[in-house]
Amino acid sequence: MTDAIYWQKSSFSGADNNQSCIELAAVNGSIKMREGDDPDVIVTTSVAELRAFVLGVKAGKLDHLT
């Protein structure tokens, strides 16, 4: 039997149970991510990789993709 995964979403997602949000869960030292409206697709990454991604987004390193 596997342990339950406790997903967390941003408080900015709203109280109307909006499913269009990214949810995160910490599992055995890794980070799992999924979209609330497609919960069967899960991406797994490390804390360091997620941190680097967020810092890159904040620094504008991915702005050319929009």
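What follows is a chat about the fold, the salt bridge and the surface of a predicted model.

Q: Which helices and strands does the protein chain have, and in what order do they run?
A: In this predicted model, the secondary structure of the protein chain comes to 1 helix and 4 strands. Read from the N terminus on, the elements run β-β-β-β-α.

Q: What do the strands make together?
A: The 4 strands make an open sheet in the order β1-β2-β3-β4, and the pairing is antiparallel. β1 (8-9) and β4 stand at the edges with a single partner strand each, so one side of each is left without a neighbour in the sheet.

Q: And where does the helix go?
A: Helix α1 packs on the sheet, where α1 touches β3 and β4, and the direction of α1 makes about 100 degrees with that of β4.

Q: What holds strands of a sheet to each other, in general?
A: Strands of a sheet pair through backbone hydrogen bonds, and the pairing is either parallel or antiparallel.

Q: OK, how many bridges are there between β2 and β3?
A: β2 and β3 pair over 6 bridges in the antiparallel sense, and within this pairing Ala-25 stands opposite Lys-32 in β3.

Q: What about β3 and β4, how do they pair?
A: Strand β3, which covers residues 30-35, and strand β4, which covers residues 38-46, are paired in the antiparallel sense over 6 bridges. The two strands form a hairpin, with 2 residues between them.

Q: Changing topic: how many salt bridges does the count come to?
A: The count comes to 1 salt bridge. In this salt bridge the side chains of Glu-23 and Arg-34 meet, at 2.5 Å from N to O. The pair links distant parts of the chain, since Glu-23 is in strand β2 (residues 22-27) and Arg-34 is in strand β3, 11 residues apart.

Q: Are those two buried or exposed?
A: Glu-23 is buried, because its relative accessible area is 10% and buried means under 20%. Arg-34 also counts as buried, at 17% relative accessibility.

Q: Which residues is Ile-42 in contact with, leaving aside its neighbours within four places in sequence?
A: With those neighbours left aside, Ile-42 is in contact with Trp-7, Lys-32, Met-33 and Arg-34. Arg-34 is the residue whose side chain meets that of Glu-23 in the salt bridge. Ile-42 itself counts as partly exposed, at 40% relative accessibility.

Q: Back to the helix: what is Val-47 in contact with, apart from neighbours within four places in sequence?
A: Val-47, which is found in helix α1, is in contact with Gly-29 and Ile-31 when those neighbours are left aside. Val-47 is partly exposed, with a relative accessible area of 39%. Val-47 and Ala-26 are 21 residues apart in sequence and 8.9 Å apart in space, C-alpha to C-alpha.

Q: Which residues form the nonpolar patch on the surface?
A: The patch is formed by Phe-53, Val-54, Val-57, Leu-62 and Leu-65, which together have about 440 Å² of accessible area. Val-57 lies in helix α1 (residues 47-58), and Val-57 is partly exposed, with a relative accessible area of 41%.

Q: And how much of the protein chain is buried?
A: Of the 66 residues of the protein chain, 18% count as buried. The chain exposes about 5,500 Å², and carbon and sulfur atoms supply 56% of this area.

Q: Last one: what is the phi of Asn-28?
A: Asn-28 has a positive phi of about 50 degrees although Asn-28 is not a glycine. In general, most residues other than glycine have a negative phi. Asn-28 is found in the loop between β2 and β3, and with a relative accessible area of 81% Asn-28 is exposed.

Notes:
Residues are numbered from 1 along each chain as its sequence is written. This is a predicted model: local features need pLDDT of at least 70, side-chain atom pairs count only at pLDDT 80 or more; totals for chains, interfaces and linings use all residues. Side-chain values use heavy atoms; hydrogens and water are left out. Two strands pair if DSSP finds at least two bridges between them. Patches are made of residues with over 30% relative accessible area and no salt bridge: like charges are joined within 9 Å, nonpolar side chains (Val, Leu, Ile, Met, Phe, Trp, Tyr) within 5 Å. Accessible areas come from the Shrake-Rupley method with a 1.4 Å probe; for residues, only the protein chains shown count as cover. A salt bridge is a side-chain nitrogen of Lys or Arg within 4 Å of a carboxyl oxygen of Asp or Glu. Buried means under 20% relative accessible area, exposed over 50%, partly exposed in between (1.4 Å probe, protein chains only). Contact means heavy atoms within 4.5 Å. Axes are lines fitted to C-alpha atoms, for helices over the stretch in contact, and angles run from 0 to 180 degrees between N-to-C directions.
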